[in-house]
Every structure is written in structure tokens, then in C-alpha cells.
Amino acid sequence: MKRVSGLLLAVLALGAMAWAQSSLLINGAGATFPYPIYSKWFDEYHKKNPNIELNYQSVGSGAGIKQVTEGTVDFGATDGPMNDDMLKAFNDKRGGAVLHFPTVLGADVATYYVPGVTGALNFTPEALAGIFLGKITKWNDPAIAGANRGVSLPAADIIVVHRSDGSGTTYIWTDYLSKVSDEWKTKVGKGTSVNWPVGLGGKGNEGVTGLVKQTPNSIGYVELIYAAQNNIAYGSVKNLSGSFIKADLASVSAAAAGAAKDMPADFRVSITNAPGKTAYPISSFTWLLIPAKFQDAGKRDALKGFLKWMLTDGQGYVEALSYAKLPKEVVEKEKKAIDNIQ
């Protein structure tokens with residue numbers, strides 16, 4: 001009996017060693033904007049593939065681009081596509097290309113905490129640009145009040161809250177403001193990090209959400225899911241067609257409709273201030289950044305397998321977390337692009 005037990009223990013030990021050797025840890029870092037869906041995806045994929053574990057650090061798009069460029073992570077994530085200088089830096093550092101794979105559609109929303117104001121406010125592009133430029137300083141300013149007839153807005157100072165870290169959420173916000181305001185484009189511009197004219201900084205979508213919740217008369221910008229999960233107010237934004245649109249699955253999908261048909265081969269595209277009567281104007285794709293060349297064939301194949309799952313079964317999880325599914329045309333293009341990972 002002892003001999004059988006000993007053999008059984010030996011077999012179990014060998015099995016454990018084999019499992020440990022076959023277990024694969026893949027590290028990624030980047031955008032906080034898609035963190036809720038990435039966390040869900042990586043957990044579900046691990047359940048289906050117990051030998052593959054995807055570890056993701058929600059550190060902001062700027063840090064994600066930096067880490068994947070330096071090779072300290074296996075993949076990155078960003079809400080603002082890498083520009084040509086960034087792509088060159090990656091090639092110079094790692095000797096190859098980095099590929100962009102859209103994962104979901106989301107939206108930046110203007111979230112606020114104004115005591116006594118419970119309904120959704122309307123914001124024009126001019127009002128948002130003026131507030132974040134520091135030119136509109138009172139909640140009852142005509143630029144805000146004019147779009148919110150019947151709402152009693154206080155004569156209180158506006159407290160602006162923005163991201164303190166390099167952020168794709170900031171890229172989307174400043175990309176939009178650069179399109180709707182020449183003054184913003186000239187004085188501040190777009191990027192994952194900018195020199196803010198005014199405001200308090202919070203780290204991550206979580207930090208901005210927390211600051212807005214605890215600061216009376218504040219306004220900030222966060223990804224839609226963070227406003228929804230924290231039950232804080234967020235406003236409708238006037239789009240190119242002149243309609244005030246609130247961010248939801250339908251309005252975000254509407255913003256992507258035109259881009260889906262003319263998606264560039266590298267998937268780097270902006271859909272802020274998109275045309276369409278029902279389009280929410282501060283919408284965006286978000287991307288995984290995958291090196292085109294891998295020295296580790298196991299990690300390469302595991303990531304390719306995950307991407308295929310993400311584009312099919314994985315899309316079934318996104319709407320429950322307030323993201324919109326990828327358009328079918330984009331999915332089909334991405335499936336082909338996976339073959340570019342070597």
C-alpha cells in the first residue's frame with residue numbers, strides 16, 4: 001500500500017511539474033479606459049485556458065506605450081494610437097513593428113458634481129473648451145446656462161479635474177477639444193499628457209472619478225463605465241448635427257459607423273466629433289499593442305489565440321460593461337491582421 005501511495009505521489013509530483021512548465025504568464029500594461037473589460041476578458045480566457053495567464057497593469061496609455069517599447073511587458077494598451085515618432089522609437093528599440101488591434105468602443109464623458117443639480121446637463125463644444133481652458137469659471141455662465149434652460153445653476157466657481165498621468169482617456173478628450181476649438185488646438189493641443197491651463201490632477205480614471213465625487217462644483221472627464229459604476233452624473237454633448245447626445249452603446253456605435261467602412265490597414269483612426277445625427281462626439285476605439293515579432297513562440301501563439309477569442313466570443317461580454325462591440329467590418333480586418341504577428 002505504501003509503495004502504491006509513493007508511486008501516486010510521484011506521478012502527481014511529475015504532473016505538477018509538467019503543468020508548471022507548460023503554464024504561461026503573459027504581462028501587459030496600459031490604458032485604464034478599457035481596464036474593466038480587459039480584466040473580465042483575461043479572467044474568462046484563463047478559465048478556458050488554465051495554462052495561460054494574462055496579467056494586466058492598469059497604469060495609463062502613456063506608461064503602456066513606454067513599457068511595450070522598452071520590452072518590459074509582452075503587450076501594451078492605449079486609447080490614443082501611437083504616432084509615427086512612437087512607432088519609429090519602437091522600431092529603433094526593438095527592431096520591428098508594433099501592431100494596433102482595436103478591442104472595443106468606448107466614450108469619454110463629462111462628469112460633474114454640482115450640489116442641487118441632479119439631472120443630466122447639456123454641454124456645447126464651446127462650453128467644454130472654455131471650461132478646460134479656464135475661461136469659463138462659473139457654473140451659471142451663459143455658455144452653460146444657455147444650453148440648460150430651466151436648470152438652476154449656482155454662481156459657484158468651477159473646479160476642473162483632469163488626469164495627472166499619461167492617459168489615453170486624456171488623448172481622446174484633447175483630440176476632441178482640438179477638433180472643436182482652434183484656441184485649444186493652438187494653446188494646448190492633443191496628447192496622452194498636455195500642459196493643462198487649469199485644474200486638479202487625479203491618477204487614472206479611478207482618481208478622477210474619486211476627486212469629482214468628493215469635490216463640490218467640480219467637472220472632469222472619465223470613461224463611461226467609471227461614471228456608470230460610481231453612479232455619478234454625466235452630461236450630454238452637442239454633436240456635429242446639433243443634437244445633444246448622451247453616451248450609450250447606440251450613440252458610441254453610431255460614431256464608429258463611418259470609420260468602420262474606411263478603416264486604415266494599421267487601424268489607427270480617430271472617431272471623435274464624428275458625423276451622424278445620433279453619434280456621440282467623444283467616442284473612440286481602444287487598442288492592444290502587439291509586437292509583430294516574438295522570440296518566444298509560446299507567448300506569440302497564446303496572444304494570437306487570445307486575439308481570435310477576443311474578436312469572437314469575447315465581444316459577447318462588452319455591452320454589460322458599457323462598451324460597444326466592434327463593427328463587423330473591423331473584426332474581419334483584424335482577423336486577417338493577426339497573421340502579421342510572427
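This is a predicted model: local features need pLDDT of at least 70, side-chain atom pairs count only at pLDDT 80 or more; totals for chains, interfaces and linings use all residues.

Residues are numbered from 1 along each chain as its sequence is written, and side-chain values use heavy atoms, with hydrogens and water left out.

Asn273 sits in the loop between helix H11 (249-261) and strand E11 (283-291); helices (H or I, at least four residues) and strands (E, at least two) are DSSP runs, numbered from the N terminus. Which residues does Asn273 touch? Leaving aside residues up to four places away in sequence, select Tyr176, Lys179, Val180, Leu240 and Pro281; contact here means heavy atoms within 4.5 Å. Asn273 is not a glycine, yet it has a positive phi of about 55 degrees.

Now select Phe267, in the loop between H11 and E11. Phe267 is not a glycine, and its phi is positive too, about 65 degrees. Its relative accessibility is 3%, so Phe267 counts as buried.

## Stop two: two helices crossing

Show helix H2 (residues 35-48) together with helix H12 (residues 297-311): they pack at an angle of about 110 degrees, with their axes 11 Å apart. (Axes are lines fitted to C-alpha atoms, for helices over the stretch in contact, and angles run from 0 to 180 degrees between N-to-C directions.) H2 and H12 are therefore roughly perpendicular to each other, a label for angles of 65 to 115 degrees; under 35 counts as roughly parallel, over 145 as roughly antiparallel and the rest as oblique.

To see the contact, pick Trp41, Phe42, Glu44, Tyr45 and Lys48 on H2, then Ala302, Gly305, Phe306, Trp309 and Met310 on H12.

## Stop three: the core

Where do the nonpolar side chains gather? The largest nonpolar core has 98 residues, and those with the most contacts inside it are Trp41, Leu128, Ile219 and Phe285. (A nonpolar core is a set of buried Ala, Val, Leu, Ile, Met, Phe, Trp, Tyr and Cys residues joined through side-chain atoms within 4.5 Å.) The largest share of this core, 8 residues, comes from E4. Center on Phe285 and you'll find it touching Asp79, Pro102, Val104 and Leu105, among others. Elsewhere, a second, separate core of 8 residues includes Ala29, Val68, Val73 and Met82.

Go to helix H5 (residues 125-133), where 8 of the 9 residues are buried, so it is largely enclosed by the rest of the structure. Buried ones include Pro125, Ala127 and Leu128.

Next, helix H9 (residues 204-214): here Gly204, Asn205, Val208, Thr209, Leu211 and Val212 are buried. Among the elements covering them are strand E4 (98-113), helix H7 (168-180) and helix H10 (224-229).

## Last stop: out in the open

Finish at Gln295, in the loop between E11 and H12. Buried or exposed? Gln295 is exposed, with a relative accessible area of 89%. Draw a distance to Gly130: C-alpha to C-alpha, Gln295 and Gly130 are 49 Å apart in space, and 165 residues apart in sequence.

How values were computed
Buried means under 20% relative accessible area, exposed over 50%, partly exposed in between (1.4 Å probe, protein chains only).
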